[in-house]
Amino acid sequence: MKRLPDDWEGSFVETVVPASQSQWRLDRYLSETDLPVTRSRIQRWIRAGAVSVNSVVVEKCGHGVSEGDVVAVTIPETPPSTAEPEPIPLDIVYEDEALLVVNKAAGMVVHPACGHARSTLVNALLHHCGSLEQFDDPVRPGIVHRLDKDTSGLMIVAKREDAHAFLSRQLAERRIKRGYTGLAWGRFAEPSGTIDAPVGRHPRFRQRMAVVEENRGRRAVTHYRVSESMEDGSLLALALETGRTHQIRVHLAHLGHPVIGDPVYGGRHKRLAGTAPRRRPKLKEMLGVLRRQALHASELEFIHPFSGRTHSFKAILPDDMKQAVAMLSDNTCTTGPRSERRGA
């Protein structure tokens with residue numbers, strides 16, 4: 001993978017389409033060149049009028065190129081990052097010149113957004129690294145994939161543009177393996193299964209996601225396995241095949257087993273009200289310990305962009321989830337999973 005010089009922004013790059021890539025989409029063709037950037041960034045360049053084919057500006061990403069076409073890109077300058085470095089402690093699992101693996105704490109927002117301008121993972125990373133190459137989105141430098149604010153666990157952060165492009169391509173091709181540990185309400189009828197249901201915006205509550213009809217959402221696939229079945233909940237090992245917003249939380253709620261502690265998808269007081277009165281005080285105490293959704297990104301595996309080696313990492317459960325499991329395990333079921341009556 002070719003690394004362009006530090007002052008490559010604002011420069012002019014020109015390529016000629018070979019026969020092997022004739023009839024490719026323009027964005028796909030450029031993403032396969034030596035430009036060490038993501039396809040999404042290339043698409044923004046095209047829409048901004050920064051790309052021409054045979055000296056004619058083309059603003060459609062799906063424009064087909066032909067053998068011998070001269071494709072030119074005037075690389076726009078990236079606006080400076082608006083995030084400020086902040087001395088926030090980080091749990092860094094691995095670091096080299098290209099990337100970091102961070103064990104994100106629950107409660108930490110990944111990048112600045114409306115209502116969260118400071119104290120984010122990006123602010124902490126800028127302080128730790130000194131700087132990050134500004135690419136793709138100056139608000140989210142280095143971020144390859146995200147976790148919800150109250151989901152803890154492992155994340156990859158790229159330090160360099162070429163590393164970010166390589167890792168983003170792995171993510172798009174579903175070659176980055178992400179494993180989660182979660183606590184869900186109730187006991188599952190089967191010890192393992194796959195949830196294959198499209199996820200999109202909730203038709204009424206637009207800040208939430210929901211399982212929707214195929215033409216209104218994107219395909220989403222979650223695999224689960226019951227690690228431990230308890231009277232009121234189940235400890236799950238979960239694997240993502242796709243990475244939609246709130247995917248695990250939405251899928252488990254759709255099954256009638258919302259993530260314990262999840263206030264958005266019915267996993268907190270709404271579900272507590274449906275439990276047996278004799279168990280309710282103890283479960284209320286558990287929710288007092290677990291002040292967020294019980295979801296932890298516990299496993300991560302990817303190919304390093306420069307060495308080509310496979311890197312695998314695991315992160316143990318944080319203390320609040322350990323305590324919640326211990327409190328639920330007082331009534332551990334020894335007969336295996338069974339069907340659960342809705343509302344029980």
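Colleague: How many salt bridges does a search of the whole structure find?

Modeller: The search finds 14 salt bridges. This is a predicted model, where local features need pLDDT of at least 70, side-chain atom pairs count only at pLDDT 80 or more, and totals for chains, interfaces and linings use all residues. Residues are numbered from 1 along each chain as its sequence is written, and side-chain values use heavy atoms, with hydrogens and water left out.

Colleague: Why is the pair Arg249 and Asp148 called a salt bridge?

Modeller: The term needs a side-chain nitrogen of Lys or Arg within 4 Å of a carboxyl oxygen of Asp or Glu. The closest N and O atoms of Arg249 and Asp148 are 2.9 Å apart, so the pair counts as a salt bridge.

Colleague: What parts of the chain does this pair link?

Modeller: Distant ones, 101 residues apart. Arg249 is in helix H5, and Asp148 is in the loop between helix H3 (121-129) and strand E7 (152-158). Helices (H or I, at least four residues) and strands (E, at least two) are DSSP runs, numbered from the N terminus.

Colleague: Which salt bridge does Arg249 form with Asp262, and at what N to O distance?

Modeller: Their side chains meet at 2.8 Å, N to O. Asp262 lies in the loop between H5 and H6, so the pair ties together parts that are 13 residues apart in sequence. Asp262 has 0% relative accessibility, so Asp262 counts as buried.

Colleague: What makes helix H5 mostly covered?

Modeller: Six of the eight residues in H5 (residues 247-254) are buried. Gln247, Ile248, Arg249, Val250, His251 and Leu252 are the buried ones. Gly256 follows H5, with a positive phi near 90°.

Colleague: How do you know that Arg292 and Asp320 form a salt bridge?

Modeller: Their closest N and O atoms are 2.9 Å apart, so the pair meets the cut-off. The pair links distant parts, 28 residues apart: Arg292 in the loop between helix H7 (280-289) and strand E14 (295-303), Asp320 in helix H8 (residues 319-328).

Colleague: Why are Arg292 and Asp320 called buried?

Modeller: Arg292 is at 4% relative accessibility. Asp320 has a relative accessible area of 17%. Both values fall under the limit, so both residues are buried.

Colleague: Which residues are linked in a network of salt bridges?

Modeller: Glu231, Asp232, Arg278 and Arg279.

Conventions:
Buried means under 20% relative accessible area, exposed over 50%, partly exposed in between (1.4 Å probe, protein chains only).
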